[in-house]
Amino acid sequence: MSLEHKITSYSEAARSSSIINSDLYTKYEVKRGLRDISGKGVLAGLTEISEVMAYRIEEGDLIPCEGRLFYRGYDIRDLVKGFLTDGRFGYEEICFLLIMGHLPTQAEYQEFRQILSRLMSLPDEFLRNTIMNAPGQDMMNQLATSVLTLYTYDSTPEDISIPNVLRQCLQLIAQFPSLMVHGFQSYAYYYNKQSLIIHTPEPSLSVAQNILHMLRPDSGFTELEARILDLALVLHAEHGGGNNSTFTNHVVTSSGTDTYSAMAASLCSLKGPRHGGANIKVVQMFEDMKENIKDWKDEEEICRYVERLLDKEAFDRSGLVYGIGHAVYSLSDPRSLILREFVEELAQSKGAHEEYDFYSKVERLAPQVISQRRKMYKGVSANIDFYSGFVYKMLDLPPELYTPLFATARIAGWSAHRIEELANDGKIIRPAYKAVCGHKEYVGIGDRSFHG
């Protein structure tokens with residue numbers, strides 16, 4: 001028997017021995033996923049960095065409401081309106097707010113952008129030795145590898161004092177666009193046989209502008225393209241301490257480890273399709289929809305397809321409608337609503353208005369079908385992944401970079417939470433698990449029965 005067949009023969013034993021009776025979770029009141037049946041999360045910490053609101057409490061009952069998101073106490077809508085009205089790019093300002101705790105003055109804003117510009121260059125030989133000589137087949141894994149490798153270029157990597165961690169975090173924020181774009185270019189060259197064109201970042205450009213500048217062979221982009229990419233970065237920058245990748249950062253940081261390890265752990269969490277990998281799933285799902293729905297304007301046909309998704313008969317047969325629903329939000333995801341306001345304008349400029357109309361119909365109809373077919377403890381609505389993948393597609397960004405773009409934005413939030421965890425000198429995070437296997441008598445190897 002080959003090694004592969006031997007491993008396959010053992011896999012069923014490994015699987016069956018790992019299954020726990022689902023009734024035990026109810027018996028012992030285990031909050032699976034650290035959430036109760038209504039979707040409310042188990043309180044595991046305190047934070048001043050951001051707040052997610054999806055319900056209000058009236059006479060002890062949770063009443064779903066329109067979702068709201070606050071960065072350091074400021075409503076995300078007000079923040080977006082502020083920098084758009086003033087004609088500024090917003091991501092750098094949001095990074096400052098999340099990490100420093102207050103909105104920057106004009107002088108602080110300019111100084112902060114200058115600091116990021118001075119930190120954006122990768123170490124000498126890093127591009128050639130790490131990215132070009134060892135291209136990754138998955139961009140999130142490549143990012144994690146690059147971040148861990150940067151540890152070796154840091155003269156004080158283990159110093160977890162706040163000044164040193166702040167320096168490391170700002171450096172990573174500045175370098176992530178280059179790590180992402182150069183990693184993809186190496187991948188495209190080695191695996192897709194595409195031409196290798198490397199543009200270094202321009203200190204005078206914003207993070208969003210630099211991503212488009214470095215990624216496109218001619219470095220060209222429109223003002224609208226840069227503005228909507230900047231907006232996407234702002235909306236992905238932070239989302240409370242309870243999301244999986246940020247909570248991972250808190251857990252790993254609480255052990256006292258270095259910044260590079262904590263950020264790599266968050267990247268590994270974000271890679272999952274239930275978290276940061278959902279936006280590309282939305283695009284893939286819509287490609288399948290367009291192949292199987294003959295009339296994009298036929299609402300009954302759209303509803304039938306959504307039913308097939310729920311019945312695990314369409315697309316990846318997971319039973320999920322990607323981009324619809326959220327662990328916290330019920331009636332609406334404020335990030336999705338904000339992004340949607342600009343998606344139509346981008347779609348018009350790209351000649352994709354029919355596809356935008358199709359997305360809009362699915363956004364409206366899918367929650368109706370889900371609420372009819374499944375028992376819901378809270379409302380369901382489109383989340384930010386529903387439109388972000390569509391935006392990236394219209395910007396001609398490669399699908400391999402959809403989740404890395406999420407990471408490039410979220411490094412700001414991870415940095416703020418790492419500093420907050422260290423500043424409060426908390427205990428190592430170690431939740432309890434109850435063993436339910438019972439106790440057994442040891443049996444000598446010669447007296448054991450075969451379980452195959």
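Let's start at Val42, which sits in the loop between helix 2 (22-27) and strand 1 (50-58). Before I go on, please keep in mind that this is a predicted model. Val42 has a relative accessible area of 39%, so we call it partly exposed. What does Val42 touch, leaving aside its neighbours within four places in sequence? The contacts are Lys31, Leu34 and Arg35. For a sense of distance, take Cys169, which is 127 residues from Val42 along the chain: the two C-alpha atoms are separated by 28 Å.

Now compare that with another loop residue, Asp124. You'll find Asp124 in the loop between helix 5 (106-119) and helix 6. Is Asp124 buried or exposed? It counts as exposed, because its relative accessibility is 66%. Asp124 and Tyr153 are 29 residues apart along the chain, and their C-alpha atoms are separated by 9.2 Å.

Helix 7 covers residues 139-150, twelve residues in total. From first C-alpha to last it reaches 16 Å, close to the 16 Å expected at 1.5 Å a residue. Look at the start of the helix: a side-chain oxygen of Asp138 comes to within 3.0 Å of the backbone nitrogen of Met140.

Which residues of helix 7 are buried? They are Met139, Met140, Gln142, Leu143, Ala144, Ser146, Val147 and Leu150. As for partners, the buried residues of helix 7 pack against helix 6 (126-132), helix 8 (162-191), helix 12 (259-270) and helix 18 (402-423).

Let me pick out one of those partners, helix 18. The axes of helix 7 and helix 18 are 8 Å apart, and the two helices pack at an angle of about 40 degrees. On the helix 7 side the contact is made by Met139, Met140 and Leu143, and on the helix 18 side by Thr403, Pro404 and Ala407. Sorted by class, that contact of helix 7 with helix 18 has five nonpolar residues, one polar and no charged.

Ser178 is buried, because its relative accessible area is 2%. Beyond its neighbours within four places in sequence, Ser178 is in contact with Met120, Leu122, Gly183, Pro201 and Met214.

Next, helix 10. Why do I call helix 10 largely enclosed by the rest of the structure? Because eleven of its 14 residues are buried. Among them are Glu225, Asp230 and His236, along with Ile228, Leu229 and Val234.

Now for helix 13, and a residue in it that I like, Asn279. Asn279 counts as buried, because its relative accessibility is 0%. A polar atom of the Asn279 side chain lies 3.4 Å from the backbone oxygen of Tyr402. Not counting residues up to four places away in sequence, Asn279 touches Asp385, Ser388, Gly389, Tyr392, Tyr402 and Thr403.

Helix 13 (residues 278-292) also meets helix 16 (residues 353-373): their axes come within 12 Å and cross at roughly 100 degrees. So helix 13 runs roughly perpendicular to helix 16. In that contact, Val282, Val283, Phe286, Glu287, Met289 and Lys290 of helix 13 meet Glu355, Phe358, Tyr359 and Val362 of helix 16. By class, the contact of helix 13 with helix 16 has seven nonpolar, no polar and three charged residues.

Finally, two backbone points worth a look on screen. Most residues other than glycine have a negative phi. Ser219 has a positive phi of about 60 degrees although it is not a glycine. Ser219 lies in the loop between helix 9 (207-215) and helix 10 (223-236), and with a relative accessible area of 21% it is partly exposed. Asp396 also is not a glycine, and has a positive phi of about 60 degrees. Its place is the loop between helix 17 (384-394) and helix 18. With a relative accessible area of 60%, Asp396 is exposed.

How values were computed
Residues numbered from 1 in each chain as written. Predicted model: local features only at pLDDT ≥ 70, side-chain atom pairs only at ≥ 80, totals over all residues. Heavy atoms only, no water. Helix = DSSP H or I, 4+ residues; strand = E, 2+ residues; numbered from the N terminus. Expected span 1.5 Å × (residues − 1). Buried < 20%, exposed > 50% of the residue type's maximum accessible area, 1.4 Å probe, protein only. Contact = heavy atoms within 4.5 Å. Polar contact = N/O pair within 3.5 Å; in protein donor to acceptor, adjacent residues only side chain to side chain. Axes fitted to C-alpha atoms, helices over the stretch in contact; angles between N-to-C directions. Parallel < 35°, antiparallel > 145°, perpendicular 65-115°, else oblique. Nonpolar A, V, L, I, M, F, W, Y, C, P; charged D, E, K, R; others polar.
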